[in-house]
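I have opened my notebook to go through a structure that is new to me. Come along as I look things up, entry by entry.

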Amino acid sequence: MLQQDILDEYRASARTEREKGDYFERLVRVFLVNDDPKYPLELFQRLITVSIETMKIVNILPPLDMD
């Protein structure tokens, strides 16, 4: 099964955003245990970078008016 297929299956079966995150964490754990040690470290560093950059973007967005 391709990685995208796995992610698509997780998205389809998850009932909440939290559950999507849980599925993704499990997938990453399995990947880290079964792959070359150098690549997971690079992947983790990229994930952290994307998270930080996303938070920078979110923090400059105007407040959401829900009224």
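**Entry: before starting.** I note that this is a predicted model.

**Entry: the surface.** I looked for a nonpolar patch and found one of about 450 Å².

**Entry: Phe-24.** I then turned to Phe-24, which sits in helix 2, residues 17-34. I looked up its relative accessibility, which is 36%. Partly exposed lies between the under 20% of buried and the over 50% of exposed, so Phe-24 counts as partly exposed at 36%.

**Entry: Glu-19.** I stayed in helix 2 to look at Glu-19. Is Glu-19 buried or exposed? Its relative accessibility is 16%, so I put Glu-19 down as buried. I also checked what Glu-19 touches, leaving aside neighbours within four places in sequence, and wrote down Ser-13 and Ala-14.

Entry: Next I looked up the largest pocket, which holds about 390 Å³ of space. I counted 15 lining residues, and the closest to the pocket's centre are Phe-24, Leu-27, Val-28, Phe-31 and Leu-43. So which helices supply the lining? Helix 1 (3-13), helix 2 and helix 3 each give at least two residues. I noted that helix 2 has the largest share of the lining, with six residues.

Technical notes: Residues numbered from 1 in each chain as written. Predicted model: local features only at pLDDT ≥ 70, side-chain atom pairs only at ≥ 80, totals over all residues. Heavy atoms only, no water. Patch = residues over 30% accessible without salt bridge, like charges linked within 9 Å, V, L, I, M, F, W, Y side chains within 5 Å. Areas by Shrake-Rupley, 256 points an atom, 1.4 Å probe, with all protein chains shown as cover. Salt bridge = Lys/Arg side-chain N within 4 Å of Asp/Glu carboxyl O. Helix = DSSP H or I, 4+ residues; strand = E, 2+ residues; numbered from the N terminus. Buried < 20%, exposed > 50% of the residue type's maximum accessible area, 1.4 Å probe, protein only. Contact = heavy atoms within 4.5 Å. 1 Å grid on protein atoms, 1.4 Å probe; cavity = no way out; pocket = protein on both sides within 12 Å on 5 of 7 lines; lining within 4 Å. Points joined across faces, edges and corners; volume = space filled by probe spheres on them.
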